[in-house]
Amino acid sequence: MEKFGKSQSMKRSEDVRFLTGHGRYIDDIAPEGALHAYVLRSPVAHAEIATLDVSAAREAEGVHLVLTVEDLLAAGMDVNMPGTVLTNRDGTKGASPERPLLARGRLRHVGEPVALVVAETMQQAKDAAELIELDFDELPAHVEVCAGGETIHPEAPDNRAFDWGMGDEAATAEAFDKAAKTVRLEVGDNRVIVNAMEGRGCFAEWDGKRIHVAFNGQGVWDIKGEMAEAMGLDEADVRITNPDVGGGFGMKAASYPEYFCVAQAARALGKPVRWMSERTEGMLSDHAGRDLVTMAELAFDEANRITGYRIHTICNLGAYNSGYGQPIQTLLFSKVLTGTYDIPAAYMRVEGIYTNTTQVDAYRGAGRPEAIYVLERVMDRAARDLGVDPIELRKINFIKDFPYKTPTGETYDVGDFPRVLDHAIADADVAGFAARKAESEARGKLRGLGLCFYIESILGDPSEGVKIEFTEQGGARLYVGTQSNGQGHETVFAKFLSDQTGIPFEKIEFVQGDSDLIAQGGGTGGSRSVTMQANVTLTAVKTMVEGFTEFLAEEMQVPASEIAFDDERFRAEGSNLTPTMLEVAEMARARGRAELLSWDIRDKIQARSYPNGAHFAEIEIDRETGVAEVVKYTVVDDFGNLINPMLAEGQVHGGVAQGLGQALCEQVVFDEDGQLLTATFMDYAMPRAYDVPFIHFDVEPVPSTGNPMGMKGCGEAGTVGALAAVSNAVQDALWPLGVRQVDMPFTPMRLWRLMGGARMAAE
């Protein structure tokens, strides 16, 4: 354990820069003298545009340009943003409506971009936007997550974007027909807004031939191709960069209309243009998440073993198809449909519904909560209905033999779920819960214990690249294909390279997020970054050692087979020459061996890995006020081998806090006209410090066989477990009162009403 790359903690070096105000965020680095862009957005959820007159705005003080969709078309732009189309259960294609960069003929959600105003100052741009004449014939809004209602897109007459299925429907139906007992539960998953610390923003520069767009995203390569296509440019003439990014959570992985419009404004004007989202603007226009309702069913045999799992989910897609991979709900459920349980037959059906709410529902990031939340909620209900202890029911049904192929085609390579759960049971002091419950009751509080055992999979591109250059200044430059959103990549990747090569950490320059400098990369998302980047770095180090060894064979006058590298120096028996890797690089430079000074490597992991773990939450509910407090929280995770345990724990803490926010207080609310009623922090409740208890964290590693490092990823694990653990704890607390259905968020008013209803029913 002497190496950082062998599970040693280290504080993040970039934090000094961030905490002292020296971060290089998008609004800090916009070119001096850049013009300011402001987006005029739709004030209504659904309407036909009757008039869009921007002539007065174009004449306003300080205004340089006003763009509408017609201006984009006149410039030869492709105004249709990419979106994924699913195949329906009957083999037909799902709906594929146009998603224009700026509204084209119709408004389809409050906050939809209509025009871009560019002026010398932001205030001038805002003032000019008020002069734009936007008249429209309002149409009924469709905000219910169900088929039917006012048609939003002619391509989807009933507003159903897709009706998609996965698994073996016939085998699952047979399992339910033959079951000794079945359990079903409707599970709601409330909509949430991401609210990253730093809102979305970008700037663009045009030099007469090439466009440079900088934005605070989660990777640069997808949008590079999309930008080239939209603007009619060769990809070589598009440069995309990501500077420091203040939180992404999946929301910043996709491209957005503003980036393309700002790029066209810069090209049209020949001047740099900048745009930064304000908080309410982001709440209206950022990709939101969740908003699912699922009917989940489990079939059991006489021994309480699961024989079938069936779910039917209705998901709110917002106004348009997502361009970020598949519509995310289908992607998530398909990857972890069966969770950690040995389920012979499973089938899922997902219906995506268009609504006049946000532009696109993606997901809030930090996890695969949708699938695990549903499964662990219905497992908890099954234990109550069957009279089985929730822990024992899980142990009865755990997958025990690996590798294990799930009914949906995933192959879990390794795992020891009972061992992980037993570790968590001990750490959570489950045996002492009864005494704690009695003590709470003596104070007039209801106390509940909730368990979630989760599994997720690392998603995204299974390949990744790294480039290592030896500089004339006697150091090394490390180029990576992932993108930090605050996770500590700058420290982790540079220190990992240092430990594998002996290059001093302080002599490694870290480079990310520049499509001119890094030819290809998978970006960040799906807990892939550290696993992918560490493994390709190992490949690069191996390749460099081989190349330097061949070079040193001539210098040291010994066969290459007799030269060894011990992570710090090259050594050979009988030679007093023991150079470091940096010294070998300088020797190569002196000999004119430039090919040894730059190494550009790509590699691919063999298979996905599957982090898993157990969360125990204990919650107290005040009988008089309905206020719920998470008073004890325990996590034991199997992340395989860790590079930096301290940062992994920090990731889990953040994920749990995010999950507690959705469970306790966060919820997006629209009125019947599609107006967002929770568009400020006065109305949208975010978790505070007092909502988050001390979080006990420990690990029980079972190294993955899918990659040489034995890693499993950890970035999203906290939220995956938190939602179901807290929900099950609330259900446990209220069950003795006769409450049989609880749904997030567990606000004081909601819990007070549930308890009041239970009292009235008892009377």
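In which handedness of crossing does α6 pass α7? I looked this up in a predicted model, and the crossing is right-handed.

**Entry 1: α6 and α7**

I took α6 as residues 221–231 and α7 as residues 257–269. Their axes lie 11 Å apart and the packing angle is about 55°. The two helices are therefore oblique to each other. I then listed the residues that make the contact. From α6 they are Ile223, Glu226, Met227, Ala230 and Met231; from α7 they are Tyr259, Phe260, Ala263, Gln264 and Arg267. Sorted by class, this contact has 7 nonpolar, 1 polar and 2 charged residues.

**Entry 2: cover of α6**

Next I checked burial along α6. The helix is mostly covered, with 8 of its 11 residues buried. I wrote down Trp221, Ile223, Lys224, Glu226, Met227, Ala228, Ala230 and Met231 as the buried residues. What do the buried residues of α6 pack against? I found β10 (211–215), β11 (238–241), α7 and β20 (476–480). Gly232 follows the helix, and its phi is positive, near 70°.

**Entry 3: an open sheet**

I traced an open sheet of 5 strands, in the order β7-β15-β14-β13-β8, with mixed pairing. The edges are β7 (160–167) and β8 (181–189); each has a single partner strand, so one side of each is left without a neighbour in the sheet. On average, neighbouring strands here are turned by 10° against each other, direction ignored.

Within the sheet I looked at β13 (residues 292–300) and β14 (residues 306–318). These strands run antiparallel and are joined by 9 bridges. Ala296 stands opposite Ile311 in β14. I also found helix α5 (residues 169–178) packed on the sheet, where it touches β7, β8, β13, β14 and β15 (345–354). The direction of α5 makes about 125° with that of β14.

**Entry 4: Gln667**

Last, I looked up a loop residue. Gln667 is in the loop between α17 (645–664) and β27 (695–699). Is Gln667 buried, exposed or partly exposed? Its relative accessibility is 28%, so I count Gln667 as partly exposed. Leaving aside neighbours within four places in sequence, I recorded contacts of Gln667 with Asn190, Arg191, Thr678, Tyr684, Pro745 and Arg750.

Conventions. Residues are numbered from 1 along each chain as its sequence is written. This is a predicted model: local features need pLDDT of at least 70, side-chain atom pairs count only at pLDDT 80 or more; totals for chains, interfaces and linings use all residues. Side-chain values use heavy atoms; hydrogens and water are left out. Axes are lines fitted to C-alpha atoms, for helices over the stretch in contact, and angles run from 0 to 180 degrees between N-to-C directions. Helices (H or I, at least four residues) and strands (E, at least two) are DSSP runs, numbered from the N terminus. Angles under 35 degrees count as roughly parallel, over 145 as roughly antiparallel, 65 to 115 as roughly perpendicular and the rest as oblique. A crossing is left-handed if the near helix is turned anticlockwise from the far one by less than a right angle, and right-handed if clockwise. Contact means heavy atoms within 4.5 Å. Ala, Val, Leu, Ile, Met, Phe, Trp, Tyr, Cys and Pro count as nonpolar, Asp, Glu, Lys and Arg as charged, and the others, Gly among them, as polar. Buried means under 20% relative accessible area, exposed over 50%, partly exposed in between (1.4 Å probe, protein chains only). Two strands pair if DSSP finds at least two bridges between them.
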